[in-house]
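Please examine the sequence and the structure shown below before reading further. The explanation that follows moves from single residues to the contacts between them.

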Amino acid sequence: MHPASAIAQLWLLWVVSWAAAAFWADRAEKRAGFGVELPSRAVMVLGTILLIPAHGYAGPLRLWTPNLAEAWICVALIAAGLAFAWWARLHLGRLWSATVTAKAAHRVVDTGPYRLVRHPIYTGLLLAILATMAAKGTVWGVAGAILITVGIVMKARLEERFLRGELGSAYDDYARRVPMLVPFAPG
């Protein structure tokens, strides 16, 4: 198998399994609203469109070409990032939602991957996205990764405001102890 095929298969497996698992969540009690989330989602969709172009591009917009070992390291980092995101999703359980919501029994989850970062799903996805960009080595890949990163940070900040409003001082205490996206980063 070629690294490009492995990367495509990893992302396809993640997308399909993530979508299928969306049915395994509790009903939302309160939502931030689609309009509030639209800017971050639009930026992430545009970034995804830019990140997708095929491997093997050899034109003037190629910035680097990873050798075979580097490409397989990228595959391993993508797998690690997606596995970290899945760990977080499984640990969050039925409290997970694709949109910014509060569930009936919503509470601060500060165990498992949530003891390392407040948004471990985003952390895992960022690792996988940056490794995908490194494997592609194109201007489009860099632009896409930057836009997706900006979109993720926008959505994480929206979630932060929403959770502070819903969970109050419990979330503030958690935010003081645990970094937002980068494990072990100073507060």
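Is Phe184 buried or exposed? With a relative accessible area of 74%, Phe184 is exposed; the terms used here are buried for under 20% relative accessible area, exposed for over 50%, and partly exposed in between, with a 1.4 Å probe and protein chains only. Phe184 is placed in the segment after helix H6, and its phi angle is near 65 degrees, a positive value in a residue other than glycine. This is a predicted model, in which local features need pLDDT of at least 70 and side-chain atom pairs count only at pLDDT 80 or more, while totals for chains, interfaces and linings use all residues. Residues are numbered from 1 along each chain as its sequence is written, and side-chain values use heavy atoms, with hydrogens and water left out.

Helix H6 itself covers residues 169-177. Helices (H or I, at least four residues) and strands (E, at least two) are DSSP runs, numbered from the N terminus. Within H6, the residues Tyr171, Tyr174 and Ala175 are buried. They lie on the same side of H6 because they cover an arc of only 100 degrees around the axis, the arc being that of the directions from the helix axis to the C-beta atoms. An α-helix has 3.6 residues a turn, so residues three or four places apart point the same way. On the face of H6 turned away from the buried side are the exposed residues Ser169, Arg176 and Arg177. The buried residues of H6 pack against helix H5, residues 139-167.

Two residues in the loop between strand E2 and helix H4 deserve attention: Arg118 and His119. Arg118 is buried, with a relative accessible area of 11%. Contact here means heavy atoms within 4.5 Å. Leaving aside neighbours within four places in sequence, Arg118 is in contact with several residues, including Glu160, Tyr171, Tyr174 and Ala175. The side chain of Arg118 also reaches the backbone oxygen of Val178 at 2.4 Å. His119 is buried as well, with a relative accessible area of 5%. Not counting residues up to four places away in sequence, His119 touches Ala156, Glu159, Glu160, Tyr171, Met180 and Leu181.

Which residue forms a salt bridge with Arg118? It is Glu160, with the closest N and O atoms 3.0 Å apart. This pair links distant parts of the chain, with Glu160 in helix H5 and Arg118 in the loop between E2 and H4, 42 residues apart. A salt bridge is a side-chain nitrogen of Lys or Arg within 4 Å of a carboxyl oxygen of Asp or Glu, and by this rule the count comes to seven. Glu160 is buried, at 4% relative accessibility. Glu160 also meets Arg164 in a salt bridge, at 3.2 Å from N to O. Glu160 and Arg164 are separated by about one helical turn because they are four residues apart in helix H5. Asp172 in turn forms a salt bridge with Arg164, the closest N and O atoms being 2.8 Å apart. Arg164 is partly exposed, with a relative accessible area of 34%, and Asp172 is partly exposed at 25%.

Val45 counts as partly exposed, at 49% relative accessibility. The C-alpha atoms of Val45 and Leu147 are separated by 8.7 Å, although these residues are 102 residues apart along the chain.

Terms used: Polar contact = N/O pair within 3.5 Å; in protein donor to acceptor, adjacent residues only side chain to side chain.
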